[in-house]
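Please look over the sequence and the model shown here before reading the short report that follows.

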Amino acid sequence: MTASHSQPKTLALVIADIHLQPNNPKHPINQHFLSFIQKVAPSSSKLYILGDLFEVWLGDDIGLQDYATELNALKYLIDSGTQVFVQYGNRDFLMKQRFSQTTGIQLLPDEYPAEIGPHKLLMVHGDQLCTLDENYQKMRRWFRKNWVQWLFLKLPQTQRKKIGSKMRQTSNSTGRSKSSEMMDAQESAIVALLNRYPDYHTLIHGHTHQPNHYEFTMNQHSYHRYVLSDWRPQTNYLSIDSQKIQIINFE
């Protein structure tokens, strides 16, 4: 059941790391996401998705077909009055203009300072904060180069799919060998990021799959850091209204 139009809408909902499976709308994660979009998201004016909405995005020509069911649900949500914003993740940073034009979803920069009601929030995917993983950071900088992406997107679909499959296998195997500390956000990176946005005292990110809420003091100010859950398919999300920010479980 969707929210009644007579009820005031929540200012915003924030989620991350859904990892929708391509060409598999019956997958539990995809089904759980569709349920969220149909039952929860309409109650909010804005929905922010902070990266890794998709397990893999190999170009708009492939992705728009692979995730047609889920993207149609998001388009219906947008047409019903909820704005949807998506940030790049480490799995789906190849979304381009055709993606936005077709879906109505607005793409966000890697660092997004947002003013939502009385709240000044800084949103990032979170992978840039995992600085102990130096090999990943080098790869991230490489794949974010415009000319590298241009060359990749010029490859035939079959070749891109093979490369994408190989990269996912490599990522899964190497991820199992990395320590939890290496795959977590580092304090020095968090401090450096927040110092670039001195008026923003709440940081929201995903990527680490280690959901938590931290409160700390820095520069004589109180700060909050919300780490979003991935979808297993059980998850949680942030609900933001004019009074508070709260973590809500979605079973």
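## Helix 8 and the sheet

Helix 8 (residues 187-195) lies across strand 5, strand 6, strand 7, strand 8 and strand 9 (221-227), and runs at about 65 degrees to strand 8. Helices (H or I, at least four residues) and strands (E, at least two) are DSSP runs numbered from the N terminus. This is a predicted model, in which local features need pLDDT of at least 70 and side-chain atom pairs count only at pLDDT 80 or more, while totals for chains, interfaces and linings use all residues. Residues are numbered from 1 along each chain as its sequence is written, and side-chain values use heavy atoms, with hydrogens and water left out.

The 5 strands form an open sheet in the order 5-6-7-9-8 with mixed pairing, where two strands pair if DSSP finds at least two bridges between them. Strand 5 (111-116) and strand 8 (212-218) are the edge strands, each pairing on one side only. Strand 6 (residues 119-124) and strand 7 (residues 202-205) run parallel and are joined by 3 bridges, and M123 stands opposite I204 in strand 7.

## Helix 1

Helix 1 has 12 residues and reaches 16 Å from its first C-alpha to its last. In helix 1, I29, N30, H32, F33, L34, S35, F36 and I37 are buried, meaning under 20% relative accessible area with a 1.4 Å probe and protein chains only. The cover over the buried residues of helix 1 includes strand 1 (12-15), strand 2 (46-50) and helix 3.

Definitions and conventions: The expected span of a helix is 1.5 Å times one less than its number of residues. Buried means under 20% relative accessible area, exposed over 50%, partly exposed in between (1.4 Å probe, protein chains only). Contact means heavy atoms within 4.5 Å. Axes are lines fitted to C-alpha atoms, for helices over the stretch in contact, and angles run from 0 to 180 degrees between N-to-C directions.
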